[in-house]
Amino acid sequence: MSKLYGVLAEFDSPEALLEAARAVRARGFTRLEACTPFPVHGLDQALGLGRSPLGWFALAAAAAGVAAALVLQWWTGAVDYPLVVGGKPFFSIWPSVPVTFELAVLLASFATVFGMLALNGLPRLYHPLFEDDNFRRVTDDRFVLAVEAADPLFHATETPALLARLGALEVRLLEEKA
Amino acid sequence: MSLVQISDSPPMPLETGRRYWRSLEELAGTPEFRRWVEREFPKGASELLSSSSRRTLLRLMAASFGLAGLVACRRPEEKILPLSKGVEHYIPGKPLYYATAMNLAGSVTGLVVEAHDGRPTKVEGNPRHPESLGACSAFAQASVLSLYDPDRSRRVLRQGRSSSWEEFARFAADHFRAELLGRGSGLWLVAGSQPSPSYEAVRNHLLARFPEARWVEFEPVSREAVRRGAELAFNRRLETLYDFGKARVIVAFDADFLGVDSPGVRAIREFSRGRAVVSEKDSMSRLYVAESRFSITGAMADHRFRVRSSEMAGAVEALAGALGLMPAAAGNYLWAEAVARDLQAHRGASLVLAGPNQPPEVHALVHLINEALGNFGQTVSFVAAERAPGEASFEELASALAAGRVQTLIVLDANPVFTAPADFDFAANFARASTTIHLGLEADETGSAATWHLPQAHYLESWGDLRTWDGTVSIQQPLIHPLYDGRTPAELLALVSGYKDQRAYDIVRNYWTAQWPAQEAERRWRKALHDGLIEGTSAARLVPAVDRKRVLAAWRPQPPAAGLELVFYPSPSVWDGRFANNGWLQEAPEPMTKLTWDNAALMSPATAKKLGVRSGDVVLIEYEGRSAELPVWVLPGQTDDSIAAALGYGRTVCGRVGRRVGHNVYPLRTSRTAGFASGVSVRPAGRRYRLVSAQDHHAMEGRPLVREATLRYWREHPDFARHAVHVPELKSLYPEHQYTQGYQWGMAIDLNRCVGCNACILACQAENNIPIVGKREVARGREMHWLRVDRYFTGDEQAPEAVFQPVACMHCEKAPCENVCPVVATVHSPEGLNEMAYNRCVGTRYCSNNCPYKVRRFNFLDWHKGLEESQKLVFNPDVTVRMRGVMEKCTFCVQRIEEKKIQAKAEGRRQLRDGEILTACQQTCPAEAIVFGNINDPASRVSQIKKQNRNYLMLEELNVRPRTSYLARIRNPNPELV
Amino acid sequence: MASIFSKSSDTYIRIGVLAAALGAGAAVALAFYLANPQVRETGYAPLQPVEYSHKLHAGDLGMDCRYCHSSVEQAGYAAIPATEVCMNCHVRVKGDSPLLQLVRESYATGQPIPWVKVHSLPDYVYFNHQAHVAAGVGCVSCHGRIDQMIVVKQVEPLSMAWCLDCHRNPAPKLRPVEQVTNMAWQPDRDPVEIGRQIAETKGIAPPVNCSGCHR
Amino acid sequence: MADLAIREPFELHAPLIEGRRSYREITDDVARVVESRPPRFWYIALAVSGALTLVLFAVLTHLVRTGIGIWGNNQPVGWAWDITNFVFWIGIGHAGTLISAILFLFRQRWRTSINRAAEAMTIFAVMCAGIFPLLHTGRPWRAYWLFPVPNQDLVLWQNFRSPLMWDVFAVSTYFTVSLLFWYVGMIPDLATLRDRATTRLRQIVYGVLSLGWRGSARHWSHYEKAYLILAGLSTPLVLSVHSIVSFDFAVSILPGWHATIFPPYFVAGAIFSGFAMVITLMIIARKVYRLEHLITMTHMENMCKILLATGTIVGYAYAVEFFTAFFSGNPYERYVFVNRVTGPYAWAVWTMFACNVFAPQLFWFKMFRRSIPVMFAVAIIVNVGMWFERFNIIVTSLHRDFLPSSWGHFTPTIYDVLTFAGSVGLFLTLFLLFLRFLPVIAISEVKGVVPSPGQGKGGH
């Protein structure tokens with residue numbers, strides 16, 4: 001027993017997809033998914049996506065890195081087992097700079113990458129869209145706009161028709177396995 | 001009698017190495033186990049297993065923890081084997097010190113030897129002994145290694161087949177019957193020089209029993225020429241003694257009295273005391289040296305005249321002439337007049353001497369000069385030296401052998417087959433004697449050719465007594481039971497002559513107690529053992545008169561010899577060859593050339609140019625139809641047309657260390673040319689040979705490393721040493737670390753006293769378990785000496801001066817090595833030591849790269865691989881044996897510092913006494929050039945010395961604040977000659 | 001053809017990742033536990049060739065440690081006694097006990113008794129009994145209640161960290177020298193206070209730098 | 001901001017991709033490389049480099065069992081080929097991240113065809129570099145002491161004043177970040193390979209690696225942000241890494257090492273050597289896999305320009321080094337530089353000058369910039385020269401420092417040679433495997449720069 005996931009519209013150029021997306025959005029559809037082989041400028045605005053908060057993630061992580069590095073170098077060198085090395089102070093900021101910087105960059109990078117994956121809900125090996133046989137061309141030369149059945153304005157016959165009107169090469173309903 | 005007991009009881013290490021895993025009892029130390037160990041620890045467990053005997057398996061465990069994960073049940077089981085019966089005076093783990101004495105070619109040095117759990121590990125000088133005065137030579141320092149040498153002769157050999165002392169005893173009982181030997185004609189004994197009263201008593205007993213037996217004292221390198229010179233001058237046999245301390249002006253003709261002429265150390269100590277200066281107001285002695293070979297004595301000279309040995313007589317004659325002692329023109333020795341005036345100005349406080357390689361006539365003339373200068377009884381004195389009854393010369397022995405008149409030949413502690421003058425063809429004739437008996441430390445060239453070879457006891461295994469040059473007798477007591485069943489020469493003679501006492505202990509004890517009143521005997525004996533010498537044995541000093549006519553009559557003015565001359569000298573490393581199997585000495589750089597593991601034909605740049613050769617070219621040297629090949633080493637300062645070659649190399653029947661090391665020059669040395677041979681022919685052999693010098697570069701490149709000045713200049717510029725380099729005001733980014741609490745260790749090295757004799761290097765090696773690496777690795781620049789003596793040439797290449805500079809870790813207060821170590825394996829102690837924690841080191845070598853003095857040493861390979869058990873016994877248990885892959889360096893002998901601190905605490909003292917701690921190098925330094933102590937105590941000697949105006953820091957401008965400072969060298973040239 | 005991965009595959013993957021993470025964490029924890037000297041080193045109690053009971057001698061009979069371990073005050077090692085020392089008493093006491101067979105043989109033949117070492121340190125560590133006894137560190141501090149052990153057992157890790165604890169703060173472990181061998185010392189006053197006074201008077205400042213113990 | 005990748009570069013004249021290629025064609029061009037059987041060349045190359053890699057492992061085993069002594073290192077030359085190789089490889093490892101990050105920030109769209117391979121190269125080079133700091137230690141089994149892991153019985157920590165500790169952090173961070181950067185960049189292309197996959201195995205492998213990428217607008221939005229941040233982080237990182245490597249020398253007191261110019265000098269050198277290596281590899285790759293229309297002459301020419309620029313900077317750095325040495329008036333410093341050009345290792349120094357300063361000057365001329373053979377030759381020469389640069393800095397400075405008494409000489413052993421050759425083998429092996437199994441060119445990025453079928457110009 002399978003239920004309807006939504007309707008897929010295929011386009012062959014970023015421009016066509018972009019216009020369709022704008023039009024559909026203008027009609028008030030909200031549960032939309034647009035998939036493209038490469039980033040298409042303006043698509044996120046067209047679909048009304050917010051700006052990515054990743055920058056803040058990275059900043060926080062970098063700060064944590066700085067703190068961790070400084071504490072590590074100060075505590076190990078000046079607190080836990082202070083040893084006289086070359087007559088130098090047990091802790092000083094100057095020699096601590098490189099390690100501090102590196103640790104900041106490291107943690108920031110981790111935050112960025114794993115943050116990105118998390119925000120994108122990846123890894124997610126299964127997705128209803130993958131059920132569609134032609135969908136795999138989306139990583140090649142196809143531009144797909146999907147309207148989910150869960151969208152309040154969705155209509156099993158009119159929505160496909162609408163998309164066809166918007167210049168889709170092909171419009172299909174997609175069943176989702178339960 | 002504790003000392004006896006100890007010496008007779010075998011060495012008993014506290015804990016021994018039977019080891020196995022608790023979970024695998026039955027595997028106990030089996031080969032399988034060892035193989036498993038090798039597998040388990042890729043770094044090669046061999047190095048782990050090759051640490052000092054008592055501390056082995058824990059390393060293994062450390063490794064297994066590090067590598068194979070941590071499982072408690074793999075805890076190894078170690079055994080502790082306590083003595084079954086206690087031993088008096090012996091506390092396990094506490095070293096014991098015994099006084100004894102060492103004899104090298106008749107030169108006797110009194111020693112104090114440190115023993116750990118029955119193993120002698122370190123030799124020091126005996127301060128009470130007149131020849132030692134607390135110092136000792138490189139040879140003495142290295143002698144402990146020879147003791148444990150696994151290549152030493154281990155058993156009695158008969159015709160090269162294994163035999164036993166019992167068998168020899170049976171043979172001797174039969175062979176030395178009066179019926180057989182009669183009055184002993186045909187019995188010859190040839191022995192290395194061993195001035196020992198009890199031994200002589202046994203010898204005389206034997207000679208009395210066999211009146212016609214002949215006794216030959218043979219040393220390839222001896223002072224015989226000096227004695228013969230005295231004989232010529234005084235009509236009697238005398239030993240000549242010099243006092244270099246009293247002498248204000250010294251003139252040495254081919255006399256390397258600081259070096260190989262006197263294997264002892266008294267000369268250096270006296271001389272350096274005569275040179276000691278504190279302030280520019282002080283005066284110091286002046287040294288003139290006329291020599292062919294550039295010796296360390298020449299390096300210390302204020303004036304060095306390059307004179308060929310074969311023309312030395314002319315130089316002496318010129319001086320005598322200048323002194324008006326004989327009608328002789330100064331000739332081309334323009335300096336003679338000035339030197340004569342200087343000598344005249346110091347009558348009774350001057351000293352003229354000639355080297356033992358000069359003929360008796362020269363020595364006689366020198367005696368005449370000294371007498372004329374009123375030096376007799378002042379700087380020159382004499383003691384009687386009597387011959388053995390029936391003493392014959394080696395030459396007589398040689399001819400008797402050749403004539404087949406020798407039936408039985410006993411060779412005691414000598415190796416004539418290798419060292420005999422070439423013209424005697426000794427090796428060939430040796431076999432003509434029907435029975436040859438050889439007693440020696442190794443089954444050497446002679447031992448392997450003899451009918452009987454008998455293992456000799458090492459001096460550290462022997463009871464005996466030894467007389468030093470001034471007559472003082474020391475008791476020689478063993479520190480360890482003979483490892484290889486060796487016996488002393490006295491014991492052998494006692495055996496073959498049926499002397500009343502057979503054991504060395506009885507021989508020496510009874511000899512002396514017989515001399516003393518019975519009730520005194522015991523006390524005196526104990527005192528002698530304790531002090532290391534017998535009171536009242538020093539001989540009377542004689543001041544005979546020179547028979548002037550005889551001397552001048554004997555004088556033959558030498559015409560300047562044509563062609564090249566070849567000068568023979570004993571190697572400062574292997575002496576006459578007897579130390580060839582001693583790795584420490586082989587690797588010790590020869591002081592002037594810095595060559596290791598080799599001898600060479602030393603020649604001046606000009607001579608090399610003339611011969612068309614350069615260092616490393618092999619030359620064929622021919623003399624009287626005999627020839628030898630030698631690699632060339634160009635040594636600036638050698639006299640032109642004079643080639644010097646060290647004896648003792650090229651041993652063929654020798655242990656693994658010394659076999660075929662270097663080139664044998666004995667084939668060129670005849671009975672008449674023992675000192676030098678003139679008119680040798682030299683031509684390139686067209687081969688090259690790799691000579692390895694521990695120092696590749698010999699100029700200071702204009703860098704103020706060793707700072708020196710003339711006495712006059714110093715007086716005009718008292719602070720010259722400090723101002724030799726401009727040190728700008730040095731600012732630090734950081735607050736200075738304050739080293740003001742408690743002890744602050746520091747060192748000062750007086751370059752004006754150091755003569756570059758290598759004793760410190762060997763002392764350091766023995767104290768700190770420093771491995772040797774062999775010629776190949778030295779060539780790679782991987783020698784491990786913590787302390788090295790840098791030698792630089794200054795002045796022009798033809799007649800350069802040389803300076804020595806001992807360099808060890810400077811313990812910089814701002815140590816650059818510490819900053820760069822990623823794992824804090826080298827850090828600073830509160831007492832200002834630059835510490836090296838081997839067990840923390842991962843071996844990045846960054847510290848060594850960043851050390852401006854390059855004093856750090858890295859274990860590039862496992863230098864202890866394949867050590868035999870006996871060789872491990874020499875290790876100092878107070879110092880970790882370093883494993884492969886870690887850095888090491890001088891620690892200022894921190895083990896000695898800690899020991900003394902613990903001792904002081906135990907005695908309830910809060911403060912150590914100044915001078916209580918001696919570093920190994922300082923303790924043995926014959927020149928007293930090294931002073932160590934607490935620089936935080938303004939009263940300490942080192943602080944006082946560092947206050948002197950000659951005090952300077954090497955590379956001070958780097959602002960690393962070294963704790964070791966140097967005192968600038970002062971030369972005292974004759975104003976007339978500059 | 002349909003999706004490469006079934007719907008459930010994501011669940012599997014997430015579970016897998018979670019499990020791996022937990023596993024790794026557990027492994028690290030275990031490693032740390034085993035690496036802990038307290039775990040690794042203590043509790044070693046090998047059987048000795050002679051069934052010698054410290055409890056009997058030091059405990060019940062109240063013999064002083066130094067009667068046998070006589071070198072402890074003069075030397076780095078607290079030497080294992082020579083067989084002679086055992087025989088001093090055992091010629092009279094229990095002269096024929098079968099337990100002492102090996103001891104009597106050793107005394108007769110001079111062959112040492114192969115005691116098994118219990119407290120051992122790496123070869124690059126130079127522990128000195130003399131120094132610690134002179135300072136007033138009780139035997140019990142490192143060896144535990146030997147006087148209650150029939151078979152001697154290692155109770156302290158003898159690790160560098162453990163040594164440093166005391167070297168950094170010696171006072172709690174210091175006692176009057178005459179009390180050093182007293183296993184059950186109970187001072188009337190605060191022991192730390194006593195320790196501090198001893199440290200004062202003797203000027204005890206244990207080294208925490210490398211060459212204090214490594215040479 | 002999200003469209004940074006597809007903004008027209010100002011100075012770009014020639015089209016980046018030759019011929020009007022459709023998306024499908026681009027996908028095919030790149031995917032073909034991993035989907036079709038590799039050419040014979042690939043097998044031969046892999047055999048050779050694989051053999052060298054085995055040699056490397058053999059030598060390293062021998063090294064760990066026997067000791068550093070098998071190399072020629074000695075006193076005073078405590079570091080020799082080991083650290084030379086380390087700096088050499090780290091240097092090469094700088095081009096990739098530079099291209100990906102810095103050119104990205106500078107809107108250099110031409111980077112798109114080469115960044116993927118360059119990044120791969122970076123990672124492999126850093127892996128080769130990593131071998132040496134680890135195994136040049138005398139006791140590698142103790143090398144974990146270089147990391148601040150809590151230690152229960154030693155209770156000792158690290159010395160963070162030591163440049164070697166900085167190295168540990170810099171290199172490991174650089175490796176990790178480069179790896180992330182590379183992988184993140186590959187996710188969309190892995191998805192492409194997944195969707196084109198014909199066999200189940202490939203589907204699963206690429207499927208897992210691409211983490212279920214669907215190229216949805218949300219994906220792309222976060223993705224581009226992440227990519228931008230990573231680029232922003234990598235830029236200072238890449239500069240810091242070689243600066244820190246240069247601290248190993250600059251922070252010491254050794255004449256010839258103790259120089260403030262080292263950080264910029266090393267970075268320039270790194271970029272220089274890195275680009276030389278990229279050129280070398282690209283020339284081969286584009287030829288073998290017929291990617292000339294994607295990796296065009298324009299790309300090659302641009303890289304030649306960079307080579308020329310950095311080469312000249314390096315030459316300037318050499319000049320400054322000498323000048324400061326003489327201007328300082330420090331006799332030790334002066335001696336080191338006199339010794340460099342006249343001493344026993346003068347030949348190495350002159351080799352370095354010839355290779356690094358003079359050879360690249362050819363690229364002033366367009367004909368050479370556009371001639372593959374010349375380019376290839378110069379690139380190789382520069383690689384050689386840069387190895388010698390490190391050799392000169394390390395060995396000639398060490399072999400004669402303050403005290404003439406301890407001056408020495410370094411002669412490499414066969415094991416020195418084999419270790420280096422082996423590391424080259426490892427590098428090439430990894431690169432060949434990369435060519436075989438991963439998208440050599442950033443497909444999605446390239447698509448972003450070709451004209452869209454929709455209207456005349458691409459992406460817009």
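Predicted model: local features only at pLDDT ≥ 70, side-chain atom pairs only at ≥ 80, totals over all residues.
Which residue of chain D forms a salt bridge with Arg845(B)? The partner is Asp82(D), with the closest N and O atoms 2.9 Å apart.

**Chain D and chain B**

The pair Arg845(B) and Asp82(D) belongs to an interface where the rule finds two salt bridges. Polar contacts between chain D and chain B come to 36 residue pairs, both residues being at pLDDT 80 or more. On the side of chain D that touches chain B, two or more residues each come from helix 2 (40-66), helix 6 (163-196), helix 8 (217-250) and helix 11 (331-342) of chain D. Helix 2 of chain D gives the most to this side, with four residues. Sorted by class, the side of chain D that touches chain B holds 28 nonpolar, 19 polar and seven charged residues.

**Chain B and chain A**

The size of an interface is often given as the accessible area lost when the parts come together. The table sets out area and contacts for both interfaces.

| Interface | Residues in contact | Buried area | Share on carbon and sulfur atoms |
|---|---|---|---|
| Chain D and chain B | 54 residues of chain D, 60 residues of chain B | about 4,800 Å² | 55% |
| Chain B and chain A | 13 residues of chain B, ten residues of chain A | about 1,000 Å² | 67% |

Within chain B, the residues that lose the most area to chain A are Tyr734(B), His737(B) and Asn819(B), which together make up 50% of what that side buries. Between chain B and chain A the count of salt bridges is zero, while two residue pairs are in polar contact, with both residues at pLDDT 80 or more. Helix 28 (816-820) and strand 34 (826-828) of chain B each supply at least two residues of the side that touches chain A. That side of chain B divides into seven nonpolar, three polar and three charged residues.

**Cavities**

Rolling a probe the size of a water molecule over the atoms shows where empty space is left. In this model the rule gives 19 cavities of 30 Å³ or more.

The largest cavity holds about 820 Å³ of space. Its lining has 50 residues, and the closest to the centre are Asn103(B), Asp413(B), Leu441(B), Gln456(B) and Arg578(B). Several elements of chain B give two or more residues to this lining, including strand 3 (96-104), helix 5 (138-147), helix 8 (197-209), strand 20 (464-467) and helix 20 (504-515). By class, the lining of the largest cavity has 19 nonpolar, 20 polar and eleven charged residues.

The second largest cavity has a volume of about 260 Å³. Of the 23 residues that line the second largest cavity, Leu258(B), Gly259(B), Val260(B), Pro572(B) and Cys757(B) lie nearest its centre. The lining of the second largest cavity has 14 nonpolar, six polar and three charged residues.

**Salt bridges in the whole structure**

Over all chains, the search finds 93 salt bridges. One of the pairs within chain B joins Glu200(B) to Arg467(B), whose closest N and O atoms are 2.6 Å apart. Because Glu200(B) lies in helix 8 of chain B and Arg467(B) in strand 20 of chain B, the pair ties together parts that are 267 residues apart in sequence. Helix 8 and strand 20 of chain B are also among the elements that give two or more residues to the lining of the largest cavity.

Notes. Residues numbered from 1 in each chain as written. Chains lettered and ligands numbered in written order. Heavy atoms only, no water. Contact = heavy atoms within 4.5 Å. Buried area = accessible area lost by both parts, 1.4 Å probe. Salt bridge = Lys/Arg side-chain N within 4 Å of Asp/Glu carboxyl O. Polar contact = N/O pair within 3.5 Å; in protein donor to acceptor, adjacent residues only side chain to side chain. Nonpolar A, V, L, I, M, F, W, Y, C, P; charged D, E, K, R; others polar. 1 Å grid on protein atoms, 1.4 Å probe; cavity = no way out; pocket = protein on both sides within 12 Å on 5 of 7 lines; lining within 4 Å. Points joined across faces, edges and corners; volume = space filled by probe spheres on them.
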